[in-house]
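Me: I should like to go through the assignments made for this model and hear the reasoning behind each of them.

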Amino acid sequence: RWLFLPLSLLFLAIVSCGDQEINVAGGGIGGTGYTSIGPITALGSIYVNLSDYEKAVKYFSLALEIAERLNDKKSMAQSYINIAIIHKDNKDYNKALEYDQKAIELCKEISDDKLLSNVYMNVSNIRFLKGEYDGAIDICLKSLAIKRSNDDTYGMGIAYANLGEYYFALVKNAEQDHQIWESYLDSAIFSYRKSLYLAEKLHD
């Protein structure tokens, strides 16, 4: 889910940037004018793995700042996504949705359907965590539609697995109405079966 990079690039990030203070006004890290997005993003990912989210956000924010200067809209979108995931993990769901919405707008602007489908998936997960199960399903279906059009078997499998979880959450909330309960249960089972089928297809 994070923008992980090859070990060689991670090494470059550590050698080039180290753990210097971020000084955006000074033109980069430590005021050096360092403007390579990849290694800076890699450092953010390293700090995520170390559970140092404060430093991770700083580096992802610096990557975003540089992408904005370069007018690199795809890198901007990816930075928004990375920052959103940190806010989601910190249970600041509204802030996470703000950043994901910015990523969605950029993905549409540059017509990057693959990245857009991933953002939709992230948003659906946040909606689910907020208890907004219907909203989670609607957004997940948007992601699934894009992944299907791109013949993304792996992505479709994940989408169906998530849908199964979302529908099953509705099952538990619909115990008083047997007809609705049965409909949600059927949808959950169908989604889980589709996910299993696609997983098996990937291993054929």
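Me: Why is Asp-138 called partly exposed?

Reply: The model is a predicted one. In it, Asp-138 has a relative accessible area of 47%. Buried requires under 20% and exposed over 50%, so Asp-138, at 47%, is partly exposed. This residue is found in helix α7, residues 133-149. From Asp-138 to Leu-163 there are 25 residues in sequence and 9.6 Å in space, C-alpha to C-alpha.

Me: What makes Ile-81 count as buried or exposed?

Reply: Ile-81 has 8% relative accessibility. The limit for buried is under 20%, therefore Ile-81 counts as buried. Its place is in helix α4, residues 73-89. Ile-81 lies 9.7 Å from Leu-115, C-alpha to C-alpha, with the two 34 residues apart in sequence.

Me: How many aromatic pairs does a search of the whole structure find?

Reply: The search finds five aromatic pairs.

Me: Why is the pair of Tyr-47 and Tyr-59 called stacked?

Reply: A pair of aromatic rings is described by the distance of the centres and the angle of the planes. For Tyr-47 and Tyr-59 the centres are 5.6 Å apart and the planes stand at 5 degrees. Pairing needs centres within 6.5 Å, and stacking needs planes under 30 degrees apart; the pair is therefore stacked. The pair links distant parts of the chain, with Tyr-47 in helix α2 (residues 37-49) and Tyr-59 in helix α3 (residues 53-70), 12 residues apart. Both Tyr-47 and Tyr-59 are buried. Elsewhere, Phe-128, Tyr-133 and Tyr-166 form one aromatic cluster.

Me: How do you know that the span of α3 agrees with its number of residues?

Reply: At 1.5 Å a residue, the 18 residues of α3 should span 26 Å. The end C-alpha atoms of α3 are 25 Å apart, which agrees. Buried residues in α3 include Ala-56, Tyr-59, Phe-60 and Leu-62. The helix α3 is followed by Asn-71, whose phi is positive, near 55 degrees.

Me: What makes Ile-158 partly exposed?

Reply: The relative accessibility of Ile-158 is 34%. Together with Tyr-154 and Leu-202, Ile-158 makes a nonpolar surface patch of about 300 Å².

Conventions
Residues numbered from 1 in each chain as written. Predicted model: local features only at pLDDT ≥ 70, side-chain atom pairs only at ≥ 80, totals over all residues. Heavy atoms only, no water. Helix = DSSP H or I, 4+ residues; strand = E, 2+ residues; numbered from the N terminus. Buried < 20%, exposed > 50% of the residue type's maximum accessible area, 1.4 Å probe, protein only. Phe/Tyr/Trp six-rings, centres within 6.5 Å; stacked < 30°, edge-to-face > 60°. Patch = residues over 30% accessible without salt bridge, like charges linked within 9 Å, V, L, I, M, F, W, Y side chains within 5 Å. Areas by Shrake-Rupley, 256 points an atom, 1.4 Å probe, with all protein chains shown as cover. Salt bridge = Lys/Arg side-chain N within 4 Å of Asp/Glu carboxyl O. Expected span 1.5 Å × (residues − 1).
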